[in-house]
Amino acid sequence: MGRLVINSVSKRFNDFLALEDVNFEVAEGEFVCLLGPSGCGKTTVLRLAAGLEKPDSGLLCLDGKKISGVNKECGFVFQEYALFPWRTVKENIEFGPEVKGKTSLECEKISKHYIDLVGLSGFENHYPDELSGGMKQRVGIARAYANNPKLLLMDEPFGALDAQTRNLMQSELLRIWEKEHVSVLFVTHSVDEAVYLGDKVLIMSARPGKIKEIFDVKLTRPRIRTGPEANIIRDRVLKSLVSEIKIASKPG
Amino acid sequence: MKIQQGKKGLVINLLSLIIFALVWQLLVILARKDSFNIPFIRLGDIPTPIETWFALVGSMFIQLHGPGFTYGIINHVYASLQRVIEGGIIAFIIGVPLGIGVGYSKLIGNLFNPLIEIIRNMPPMAWIPLSIFIFISGGSIFIVFIGVVFPIILNTVQGVKSTDPRLIDAARTLGASESMIVKKVIIPSAFPSIMTGLRIGLGVGWMAIVAAEMVIRSPVGLGYFIWNMGDLGRYSEMVAGMIVIGVIGYIMNISILLLQRRFIKWAD
């Protein structure tokens, strides 16, 4: 479960064509990274998959069902965490089960499971402001998982973290993903991150956003970040990306 | 509003009050000895801080004179506070839901905004004559209501509108319905603003009640007390009443600030 199909999707904001004829697929249990220059519409792809935006044309399907209205089968992880500051770690994680009408006993059970999974035991009753960036994103991930999604949508989730924390969180994410086995669509602007994490790396072209190239990363996990195979793939991905960045950074 | 923190701050705070009282005492005494003269101001007629202090202590509690009695300042404070709290509660009950509606829904906003914008520019005092003839009793509570309700509405609207849209998106993707979003995201997010509105509103209400009691001539209340003492030429009592108003307004403000800090642990 958790197969996302995006079929010739276009999206326009006023006079600005954000996405044009985007086609790709996230297979069941697959980890797909979406890479592209800033402003190419990566986030828009995620928002469409989450049902937070409607496509102007084309079709998005999750497990064969058309996505229309907010997609409650997916979990969204935001770059700036978007945690509810008035709720403790535990209460943040329980938000999804709570609004779905689960009893407080069930909520308790779910939050305990995911607090343990993301390694936040002992911080249940802390408020987000009392946590470091890495810990906040652990809450963000746990909150998304607590809703039992079929697909996880992640919008540069580690973009605001320092390099060390970022590496650690990448490994942690893979550990969790291997346990829970939910499909992931992961937006990033870091080639290293994409090649370390993804089964597939999609390169998006500059305005309007299109899928330019798809790389299969057939490396066994745990991957060695500086291994020779990783370096070869990284080099190819980077070349593909750089030409797009040049286009994107031209004025106008 | 900032409360000075620490011992050193407290000493400076107290010092400023003491210096003010000393300057006041000195100016009045010198004026009474004709040491100086400011044209058109009868500075010597102002009671000194010491006279004011004795007037305050002397009229603090209810006084019996044979069969009759005079209310003490305590009674006047109680009556005024009660009106402010009653008017404040009504304003809160009406202002908060209205502010949430106006802030959240374009339709409700368009419906109420012109009305709110016009009425909020009429000062509470301008409503006093009307309230005298339409309210058989409780006119001063209505004046307080007018004073409190607009700061509450405006701050609630502001709080609702400044809710982080990403939090709303997060709630949506987690399966929250529109009513859940209002209840579990918009209201908690706007809560600090709502409390600020209440704090500012009660400040305005406290000023409005004194004016209302002066004009409406309730038999008890700080505004009535000050006016009455002025009429009777008991200026020390009159000034004591003025100081009581200031001190109580200050205490109200700080109490709500402290309450806010207790409730909103997450915003520290």
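Reply: Let's start in chain B. In α9(B), the buried residues are Leu222(B), Gly223(B), Tyr224(B), Phe225(B), Ile226(B), Asn228(B) and Met229(B). Keep in mind that this is a predicted model.

Me: How many of the ten residues of that helix are buried?

Reply: Seven of the ten, so α9(B), residues 222-231, is mostly covered.

Me: What do the buried residues of α9(B) pack against?

Reply: Three helices of chain B: α3, α8 (178-216) and α10 (235-263).

Me: And what follows α9(B)?

Reply: Gly233(B) does. Its phi is positive, near 75°.

Me: You mentioned α3. Where is Ile89(B) found?

Reply: Ile89(B) sits in helix α3 of chain B, which covers residues 73-104.

Me: Why does Ile89(B) count as partly exposed?

Reply: Because 13 other C-beta atoms lie within 10 Å of Ile89(B). Buried takes 20 or more, and exposed means 12 or fewer.

Me: How far apart are Ile89(B) and Phe135(B)?

Reply: In sequence, 46 residues. In space, 18 Å from C-alpha to C-alpha.

Me: Step back a bit. How many helices and strands are there in chain B?

Reply: Ten helices and two strands.

Me: What does chain B span?

Reply: Its C-alpha trace spans about 75 × 50 × 40 Å along the principal axes. Of its 268 residues, 34% count as buried. Take the contacts between residues at least 6 apart in sequence: 67% of them join residues at least 24 apart.

Me: Which domains does the assignment give for chain B?

Reply: Domain 1 is 1-46 and domain 2 is 68-267. The centres of these two domains of chain B are 31 Å apart, taken over C-alpha atoms.

Me: Now chain A. Which domains there?

Reply: Domain 1 of chain A is made of 11-73, 150-233 and 248-252, while domain 2 of chain A is 84-148. Between their centres, over C-alpha atoms, there are 24 Å.

Me: How many residues of each domain of chain A are in contact with the other?

Reply: Eleven from domain 1 of chain A and nine from domain 2 of chain A. On the domain 1 side, the largest share comes from helix α6 (residues 163-180) of chain A, with six residues. By class, that side has nine nonpolar, one polar and one charged residues.

Me: Switching to sheets. What is the strand order in the sheet of six strands?

Reply: The order is β6-β7-β8-β3-β9-β10 in chain A. The sheet is open and the pairing is mixed. At the edges are β6 and β10 (211-216) of chain A, each pairing on one side only. From one strand to the next, the twist averages 15°.

Me: In which sense do β6(A) and β7 of chain A pair?

Reply: Parallel, over four bridges; strand β7 of chain A is residues 151-155. Within that pairing, Val77(A) stands opposite Met154(A) in β7(A).

Me: Which helix packs on this sheet?

Reply: Helix α1 (residues 42-49) of chain A does. It touches β3 (31-35), β6, β7, β8 (183-188) and β9 (200-204) of chain A. The direction of α1 makes about 150° with that of β8(A).

Me: What about the sheet of four strands?

Reply: It is open too, ordered β2-β1-β4-β5 in chain A, with antiparallel pairing. β2 (16-26) and β5 (65-66) of chain A each have a single partner strand, so one side of each is left without a neighbour in the sheet. Inside it, five bridges join β1 (residues 4-13) of chain A to β4 (residues 57-62) of chain A. Ser10(A) stands opposite Ser57(A) in β4(A).

Me: How many residues are in the largest nonpolar core?

Reply: 128 residues. Those with the most contacts inside it include Leu34(A), Leu153(A) and Phe186(A). Not counting residues up to four places away in sequence, Leu34(A) touches several residues, among them Val45(A), Leu185(A) and Leu202(A).

Me: Last one. How many residues does each chain give to the contact between A and B?

Reply: Chain A gives 20 and chain B gives 14. On the chain A side, the elements giving two or more residues are β6 (74-77) and α3 (95-99) of chain A. That side divides into 13 nonpolar, three polar and four charged residues.

Terms used: Residues are numbered from 1 along each chain as its sequence is written. Chains are lettered from A and ligands numbered from 1 in the order in which they are written. This is a predicted model: local features need pLDDT of at least 70, side-chain atom pairs count only at pLDDT 80 or more; totals for chains, interfaces and linings use all residues. Domain bounds come from an automatic or database domain assignment. Two residues are in contact if their C-beta atoms, placed from the backbone, lie within 7 Å. Ala, Val, Leu, Ile, Met, Phe, Trp, Tyr, Cys and Pro count as nonpolar, Asp, Glu, Lys and Arg as charged, and the others, Gly among them, as polar. Two strands pair if DSSP finds at least two bridges between them. Axes are lines fitted to C-alpha atoms, for helices over the stretch in contact, and angles run from 0 to 180 degrees between N-to-C directions. A nonpolar core is a set of buried Ala, Val, Leu, Ile, Met, Phe, Trp, Tyr and Cys residues joined through C-beta atoms within 7 Å.
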